[in-house]
Amino acid sequence: MRIDVVTIFPELFEPFFESGLLGKSIKEGKIEVQAHDLRTFTRDKHRQVDDYPFGGGRGMILMIEPLYRAWETLKQDNTFTILMSAGGKLLTKTRAARFSRHDHLLIFCGRYEGVDQRFLDCVDAEVSIGKYVLFGGEIPAMALIESAARFIPEILDPEVTANETYSKGPQRDFPQFTRPREFGGISVPSVLLSGNHAKIDKWREENSERI
Ligand code: SAH
């Protein structure tokens, strides 16, 4: 799988692409990712990417030409293009799994007041990470990339994604404990120390449903 991200702040993705399991997977070639500076797709001396909205009003709008040029340059035959939008379809575990099945995702991060509406013709899906508004689409794009990467079997054992929060509808993961066995007078449930795996599985299932 390959993911290209278009943003005016590609530097935000540098530590993200270098850290944790995603960073390791990139290094090992299990997933290919690249952040592109939208300004490299401008043609003017000032590398302008935004302009005032027609009709007046506050804020700036990302211009269609650099966005379109980036899309034209980076898309392949099998590309699925996503625009991060506060009002888009909510990112869910089901959608993340669906995105992970594409060979190539091309993700656009908005900034300021958003993007020129005409760019929507190039986009396959507008995706939101929640019902709130951020300054830009970079953090939403990172959330999408991580949630999709977890569904790539070479990166994470499918056994993990099949047994966690949201695996079965609204169900939560079961309560987890690690050392020490007792903390502040609260002990780890004794069944987890019993070594009886049938009992442990039953306890986990019941408690995951209870939560
Ligand atoms: N005027 C816009 C908000 C622009 S915020 C509106 O009312 O919807 C600037 C950019 O941040 C957006 O273009 C989008 O790319 C990104 N963004 C902000 N909040 C987001 C969210 N919850 N999910 C996904 N992207 C978001």
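Reader: Why does Glu 164 count as buried?

Author: This is a predicted model, and Glu 164 has 15% relative accessibility. Buried means under 20%. Therefore Glu 164 counts as buried.

Reader: What makes Arg 150 and Glu 164 a salt bridge?

Author: Their closest N and O atoms are 2.8 Å apart. The cut-off is a side-chain nitrogen within 4 Å of a carboxyl oxygen, so the pair qualifies. The pair links distant parts of the chain, 14 residues apart. Arg 150 sits in the loop between α5 and α6, and Glu 164 in the loop between α6 and β8.

Reader: Why is Arg 150 called partly exposed?

Author: Its relative accessible area is 32%. Buried needs under 20% and exposed over 50%, so Arg 150 falls in between.

Reader: Is Arg 118 buried or exposed, and why?

Author: Arg 118 has a relative accessible area of 53%. Exposed means over 50%, so Arg 118 is exposed.

Reader: What about Asp 116, buried or exposed?

Author: Asp 116 stands at 16%. That is under 20%, so Asp 116 is buried. The side chains of Arg 118 and Asp 116 meet in a salt bridge, 2.7 Å from N to O.

Reader: How do you know that Arg 111 forms a salt bridge with Glu 138?

Author: The closest N and O atoms are 3.0 Å apart. The limit is 4 Å, so the pair passes. Arg 111 lies in the loop between β6 and β7 and Glu 138 in helix α5, so the bridge ties together parts 27 residues apart in sequence. Both Arg 111 and Glu 138 are buried.

Definitions and conventions
Residues are numbered from 1 along each chain as its sequence is written. This is a predicted model: local features need pLDDT of at least 70, side-chain atom pairs count only at pLDDT 80 or more; totals for chains, interfaces and linings use all residues. Side-chain values use heavy atoms; hydrogens and water are left out. Helices (H or I, at least four residues) and strands (E, at least two) are DSSP runs, numbered from the N terminus. Buried means under 20% relative accessible area, exposed over 50%, partly exposed in between (1.4 Å probe, protein chains only).
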